[in-house]
Every structure is written in structure tokens, then in C-alpha cells.
Protein chains: 2
Amino acid sequence: MEIRLAKNYGFCFGVKRAIEIAEASKNATTIGPLIHNNEEINRLQDNFNVTTAQGISDIGDAKKAIIRTHGIVKDDLAKIKASDIEVIDATCPFVTKPQNIVERMSNKGYKIVIFGDENHPEVKGVKSYAINEPIVVLREDELEGIRFGHKVAVISQTTRKVSEFLKIANYLITRVSEVRVFNTICNATFENQDAVRELAQEADVMIIIGGKNSSNTKQLYTISKDHCIDSYLVENEKELKMSWFENKKLCGVSAGASTPNWIIQNIVSEIETYSISN
Amino acid sequence: MEIRLAKNYGFCFGVKRAIEIAEASKNATTIGPLIHNNEEINRLQDNFNVTTAQGISDIGDAKKAIIRTHGIVKDDLAKIKASDIEVIDATCPFVTKPQNIVERMSNKGYKIVIFGDENHPEVKGVKSYAINEPIVVLREDELEGIRFGHKVAVISQTTRKVSEFLKIANYLITRVSEVRVFNTICNATFENQDAVRELAQEADVMIIIGGKNSSNTKQLYTISKDHCIDSYLVENEKELKMSWFENKKLCGVSAGASTPNWIIQNIVSEIETYSISN
């Protein structure tokens with residue numbers, strides 16, 4: 001069985017940057033998990049004593065607070081900046097962008113629509129920059145019956161599928177005089193999605209590696225599943241099952257933007273052992 | 001054979017308004033045809049001595065000039081306003097809107113994309129309000145290879161199909177950070193298109209009445225044809241052919257926004273005579 005990695009996979013610019021920041025900030029506490037990958041967070045704790053607090057009320061006597069890649073709620077950021085704690089901002093610049101757009105458009109009187117998961121920390125952060133409560137949706141049918149007024153600004157969670165974002169945009173364009181569409185889906189998301197689509201069309205088994213709470217990893221998995229029925233989402237090599245690879249010729253591998261290379265390596269090595277026994 | 005009119009058809013607000021303006025402006029000259037319906041233009045000439053000039057260089061010693069529903073080029077309007085001629089503006093307000101949008105967005109540095117027919121007088125007028133040459137396209141493949149920069153404003157000719165406009169918008173959204181989408185397709189266009197779609201699904205022959213140079217009439221015809229293969233576009237009753245109605249049960253009728261009721265009546269009366277002889 002051949003094992004082939006997608007042309008683009010794994011760590012994105014924002015995650016790489018955040019990990020470098022964390023490694024350079026020994027003994028700091030991140031507000032919420034730095035990235036959506038528990039294995040990497042454990043490594044940062046073990047090797048750099050970078051701990052994780054659940055929220056700003058939970059940081060105890062930490063001297064340095066790291067803002068996670070997904071950003072945090074505007075008021076929380078203001079509070080912590082006003083305190084004595086040193087704030088180290090590891091918010092991905094591609095997340096800062098929709099935060100700024102929401103703030104600016106909201107100030108200009110645009111109704112804000114966010115395409116994303118309202119329970120995801122990135123979306124919670126981004127929506128907190130609006131003056132009035134934004135509309136947060138995952139599907140266009142959730143927009144039915146809403147009165148939008150004459151001007152709407154629409155943005156996307158950075159890690160979602162562009163085809164779904166277009167559905168939301170199209171719903172709005174047919175109903176609202178002016179729709180200001182900010183495509184805030186990040187390039188790494190695009191590139192990883194394109195690459196997984198291409199590979200899944202060829203492979204007869206696909207392994208997607210990443211945190212099960214990671215939005216971009218879940219998108220990679222659904223795209224993969226669309227093209228290769230035998231697609232599996234795993235966080236580490238222990239979750240692999242030998243039976244998945246029986247009689248397979250090409251195993252495709254991709255990984256979410258918060259998946260470190262050492263995890264990908266462990267998994268590929270494990271699959272190789274099955275391959276030999278096949 | 002039953003003859004059924006679409007739920008919405010014919011004269012729109014802008015055309016009605018322009019004809020009232022023309023009827024109240026005896027002996028005036030319109031710059032280009034007031035509306036895209038030769039029969040109605042002949043009636044205005046015969047009954048109100050409202051003549052038609054090809055352009056501003058062609059108005060002779062006219063004392064009053066009427067601006068056609070489709071608007072005219074910005075510079076021409078400025079020239080004629082600076083002359084001694086009284087200017088009577090019959091530009092449809094739904095056309096003035098995209099003219100203003102193009103001017104405003106162009107001033108703000110947005111690249112302008114117009115979805116429409118570059119040879120149509122409305123589009124010629126609208127595009128003349130941009131500082132830099134706008135991109136005018138009818139299909140998204142015409143956008144390939146163009147560099148758009150970071151911000152684009154896109155508008156539509158008022159009389160086009162919304163599904164085609166969305167294709168242009170979607171092409172841009174996937175490639176440009178900010179796309180400001182102004183849905184300038186007018187409501188009458190929407191309503192007439194929805195109604196013809198509904199009727200064409202039931203009818204076994206469809207007659208679409210309107211000028212063959214009329215953009216909105218041509219859109220009605222293509223929508224009708226999508227749902228009813230026996231669809232015909234006619235300007236007057238002389239073009240009808242008895243054979244079209246043989247063995248038909250339901251004849252649907254619709255008309256473009258510049259088609260006066262007296263023409264529709266003539267045609268329906270003519271079809272009724274075939275119906276009797278069937």
C-alpha cells in the first residue's frame with residue numbers, strides 16, 4: 001500500500017507563530033487552549049511550563065498571559081490589558097482581521113452576519129467586536145424570516161468551507177440591497193482543503209489527523225468523506241485500526257492546521273507497519 | 001385552449017413614469033429611444049409629437065430634451081445641461097441608483113465590475129460614472145486572468161437574471177478579500193421573471209411580448225424557454241403563427257417591462273381567434 005501526504009497539510013502560519021510565541025514565553029498561562037490540539041498543548045506544558053487557564057477569572061497569579069490563536073472576547077482582552085499581567089498576543093492575524101472588520105462595519109451601521117459555529121472560541125471573539133448582536137449561522141435556512149435592513153456585512157470563520165460561505169452570501173445578495181462580503185477564510189484553509197479534495201479522489205482510504213474540536217480539521221474530514229467513503233479522523237496513532245487498510249492500494253494522509261509534524265510522523269510510521277504486514 | 005396572463009407582466013414603474021413624462025412634454029425630443037418598444041415610441045410621436053434623436057449631436061433645434069429610461073452617458077448629460085435646452089430626466093430611478101453607486105465606489109478606490117451587456121444603453125450610461133474603466137461582463141469566464149486588487153464593487157444591469165449575477169459575485173468572492181455586492185436588479189424584473197417561470201412550468205405554449213432589443217424581455221424569453229420548449233418572442237400580433245397553438249391546452253402570456261397594455265391586448269385578442277378555430 002502506498003502512503004501519500006496531501007500537497008498541503010498541517011501547521012498553518014498562525015499556529016506556527018503561536019507555538020513559537022509560547023515556546024519563547026516559559027511559565028506563561030494561555031487563556032483557553034492555545035490551539036486545538038491537546039497533544040501539542042501537553043508538550044508545551046511539559047517542556048516550557050506553559051499552562052492553560054479556562055478563562056481570565058482562572059489565571060490565578062500568572063505573570064504572563066498568552067492570547068490563544070482563536071482570539072478572545074473584546075471585553076476580556078480589555079480587562080486583562082488593564083491588569084498588571086503581561087499580555088502576549090498570539091491571536092492569528094487572520095483572526096484579528098475579521099475582528100477588525102466586524103468592529104468597523106458595525107460602527108458604520110451594517111448588520112453583521114457571521115458564517116460560523118457560535119460555540120467556537122474564534123467566533124465568540126469575533127462577534128464580541130460588534131456593537132449590536134450579530135447573526136451567527138452555519139446554514140442559509142437559519143437566515144429565513146430575519147429582517148436585514150438595507151446593508152449587511154458578512155464574514156466567515158477562518159476555517160470553514162468556501163462553498164458553504166457562498167450559500168450564505170447568495171441568500172443575502174438576493175434579499176439585501178448591499179452586501180459587503182469579506183472572504184475571511186484563510187489561505188491555509190483553502191490550500192489544505194483543495195489538497196485533501198484532490199488526494200481523496202485518488203485514495204481508497206484517507207486518514208485525517210487533528211483535534212476533534214478543531215474546526216478546520218473537521219472540514220478536511222467532511223471534504224475527504226465526500227470523495228472517499230473510507231475516511232477516518234484520528235488524533236493519534238492509538239486510534240488507528242488495522243482493518244481500515246486491508247486490501248487498500250493508496251492511503252491518503254492530511255492533517256489540520258493545528259496538528260504538529262511529530263504527530264503526523266507517528267501516525268505515518270504506524271500505518272507503514274500495517275502496510276508491511278498486508 | 002385557455003389563455004392565461006402571468007401574475008406579473010409588462011410595464012414597470014420606470015417605464016410608466018417615463019411615458020407619463022413624455023406625454024406631458026409635447027414636442028420634446030428624447031435622446032435615444034425613450035424605452036425599448038418601437039410601437040409605443042411611434043404612438044408618442046403620432047399623438048404627442050415626441051421625437052427621437054440618436055444622440056446629443058442629433059437633437060437639432062429641439063427646445064426640450066428627454067433623458068431616456070436607460071439614462072445616458074455622464075459627459076453627454078453634463079453637456080446638454082450646460083446648453084440652453086430644457087432637460088427633462090426620465091431616467092428610471094432604479095438606473096440612477098447603479099450610476100450613483102459606480103461613481104461613489106469608484107471614488108473610494110473600488111475596482112468596478114458590471115454584470116451586463118456593454119452595448120446596452122443602460123450599461124453604457126452606468127459605466128461612464130466610473131473614474132477608471134470598469135470591467136463589464138456577461139459570464140464569469142470573462143473574469144479569468146483579471147487582477148482585481150483587494151476590493152471590488154459589483155453591480156448588475158437592472159434587467160438581468162439574478163442566478164447569473166450570483167455566478168459573477170461568487171467568482172469574485174472566492175478571489176477577492178472584499179466584494180461589495182450591490183443587487184441592482186430591479187423588483188419588477190424579479191417579479192416578472194418569477195411569474196413567467198411559474199406559468200411556463202404549466203403552459204404548453206408561451207408567448208412573450210416585447211421589443212427584441214429589450215434586455216428584460218429577452219431574459220423573460222430565456223426563462224420561459226427553460227421551462228416550456230414552445231416559447232415565442234413577438235413584438236406584435238402580426239408575428240403570431242396559428243400553427244404554434246395547434247393541440248395546445250394552456251397558452252401562457254407575459255410581456256417585458258416596456259410593453260404597453262394595448263399591444264398585449266391586441267395579441268391576446270388575436271390568439272383568442274385561433275383558439276375558437278381550434
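Q: In chain A, what share of contacts between residues at least 6 apart in sequence joins residues at least 24 apart?
A: This model is predicted, and the share in chain A is 74%.

Q: What fraction of chain A is buried?
A: Of its 278 residues, 49% are buried. A residue counts as buried if 20 or more other C-beta atoms lie within 10 Å of its own.

Q: How many helices and strands does chain A have?
A: Chain A has nine helices and 12 strands. Now check how they pack. The radius of gyration of chain A is 20 Å, close to the 19 Å from the globule rule for 278 residues, so chain A is as compact as a globular protein of that length. Along the principal axes, its C-alpha atoms fill a box of roughly 65 × 50 × 25 Å.

Q: Which strands pair with β4(B), residues 64-67?
A: Start with β2 of chain B, residues 29-31. It pairs with β4(B) in the parallel sense, over three bridges. T29(B) has A65(B) as its bridge partner. Next comes β5 of chain B, residues 86-89, which runs parallel to β4(B) and is joined to it by four bridges. Here K64(B) has E86(B) as its bridge partner.

Q: What do β4(B), α3 of chain B and β5(B) make?
A: They make a right-handed β-α-β unit. The helix α3 of chain B covers residues 74-82.

Q: How are two copies of a chain related?
A: By a rotation about an axis and a shift along it.

Q: Why do the copies meet through the same surface?
A: Compare the two lists of interface residues. They meet that way because 100% of the interface residues of chain A are also interface residues in chain B.

Q: Do β9(A) and β9(B) pair in the parallel or the antiparallel sense?
A: Antiparallel, over five bridges. The strand β9 of chain B covers residues 178-182. Find R180(A) in the model: R180(B) in β9(B) stands opposite.

Technical notes:
Residues numbered from 1 in each chain as written. Chains lettered and ligands numbered in written order. Predicted model: local features only at pLDDT ≥ 70, side-chain atom pairs only at ≥ 80, totals over all residues. Helix = DSSP H or I, 4+ residues; strand = E, 2+ residues; numbered from the N terminus. Rg over C-alpha atoms; globule rule 2.2 N^0.38 Å. Buried ≥ 20, exposed ≤ 12 C-beta atoms within 10 Å, placed from the backbone. Contact = placed C-beta atoms within 7 Å. Pairing = 2+ DSSP bridges. Right-handed = clockwise from strand over helix to strand, strands pointing away.
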